[in-house]
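Keep the picture open as you read.

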Amino acid sequence: MIAATRACSPDGPNEDAVRHDQCRAVVVDGAGVAERYRAGCSHTVAWFANALADALFEAMDDRSLALRECLRAAITTVADQHRDTCRLDQGSPSATVAAFRVDDQQVELLVLSDASVVVAESSGTRVVTDDAVAVMLDSYDPLVEDLTRDDWIEARRCADGGWWCAQHRPEAAEHALVEWLPTPEVNALLAVSDGVSRLWEHLGATPFEALGAADDPEWLLDELRAAETASEAGLRAREVRKLHDDASLVLWRARR
Ligand SMILES: [Mg+2]
Ligand SMILES: [Zn+2]
């Protein structure tokens with residue numbers, strides 16, 4: 001496996017976290033929300049992303065646990081690390097997750113919220129992601145709602161009838177997308193944070209092209225940064241809030 005991660009700015013913290021070995025891949029993207037939405041917690045977003053990546057990666061070592069169970073266990077592990085010192089119900093960091101696990105027989109993948117896994121099969125290349133937030137945001141009408149857009153989104157984070165990411169409620173794992181695929185039918189897997197999926201969501205590349213470039217991940221990230229800078233006006237027109245985002249990827253290719 002090949003991986004790379006890069007902070008949105010050279011002097012800022014990287015709030016993405018990546019773990020991988022020969023058969024496991026984890027990408028966690030800590031949500032860069034305003035501090036008032038994390039008021040109950042004294043930890044940083046980067047701490048949360050790394051703690052969750054560690055806990056999920058470790059849980060995935062147990063093959064008897066399906067990926068949703070691994071994520072459930074990981075969320076609980078991290079919540080236990082700060083529930084005595086922080087008031088988790090008063091706002092704490094959260095994250096999106098993309099993960100996969102590969103053995104000779106089976107590929108298992110998991111996506112929670114807007115992280116993605118690109119799957120290359122003989123039938124073609126496709127993207128697994130959960131666009132629940134984007135779909136929900138389409139229904140936000142500032143003329144009707146009492147809340148600002150950000151408060152409206154926050155009120156629906158990890159709430160019944162809202163949208164789910166990894167925070168401190170383990171039942172978030174039940175909202176993750178999961179797939180099981182026969183390994184011989186999968187040629188490659190690419191787990192990414194939304195800092196990378198903007199390549200095909202906003203910058204005109206295709207997932208297939210991104211997958212092809214991922215064999216040299218540092219070069220891919222250089223190209224991503226260059227494309228963002230060149231497309232600044234276009235990104236703004238599409239209401240993409242950040243010119244750059246923390247960007248992470250893990251690539252697995254079948255050796256046949
Ligand atoms: Mg991101
Ligand atoms: Zn905390």
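Start with Glu239, which sits in the loop between α8 (232–237) and β10 (247–253). Those labels come from DSSP: helices are H or I runs of at least four residues, strands are E runs of at least two, and both are numbered from the N terminus. Glu239 has a positive phi of about 60 degrees, even though it is not a glycine. Is Glu239 buried or exposed? It's exposed, because 8 other C-beta atoms lie within 10 Å. The rule is that a residue is buried with 20 or more other C-beta atoms within 10 Å of its own, exposed with 12 or fewer, and partly exposed in between, with C-beta atoms placed from the backbone.

A quick word on what you're looking at. This is a predicted model, where local features need pLDDT of at least 70 and side-chain atom pairs count only at pLDDT 80 or more, while totals for chains, interfaces and linings use all residues. Residues are numbered from 1 along each chain as its sequence is written, and chains are lettered from A and ligands numbered from 1 in the order in which they are written.

Lys242 is also in the loop between α8 and β10. Lys242 counts as partly exposed, because it has 13 C-beta neighbours inside 10 Å. Now find Asp194: it is 48 residues from Lys242 in sequence, and their C-alpha atoms are 11 Å apart in space.

Follow the chain on into β10. Here 6 of the 7 residues are buried, so the strand is largely enclosed by the rest of the structure. What does β10 pair with? (Two strands pair if DSSP finds at least two bridges between them.) Strand β1 (residues 2–6) pairs with β10 in the antiparallel sense over 5 bridges, and Arg6 stands opposite Ala247. Strand β9 (residues 186–192) also runs antiparallel to β10, joined by 5 bridges, with Leu190 opposite Leu251.

On to the core. In soluble globular proteins, nonpolar side chains tend to be buried together. A nonpolar core here means buried Ala, Val, Leu, Ile, Met, Phe, Trp, Tyr and Cys residues joined through C-beta atoms within 7 Å. The largest one has 65 residues, and those with the most contacts inside it include Leu52, Ala99 and Ala191. Helix α1 (residues 45–59) gives the most to this core, with 10 residues.
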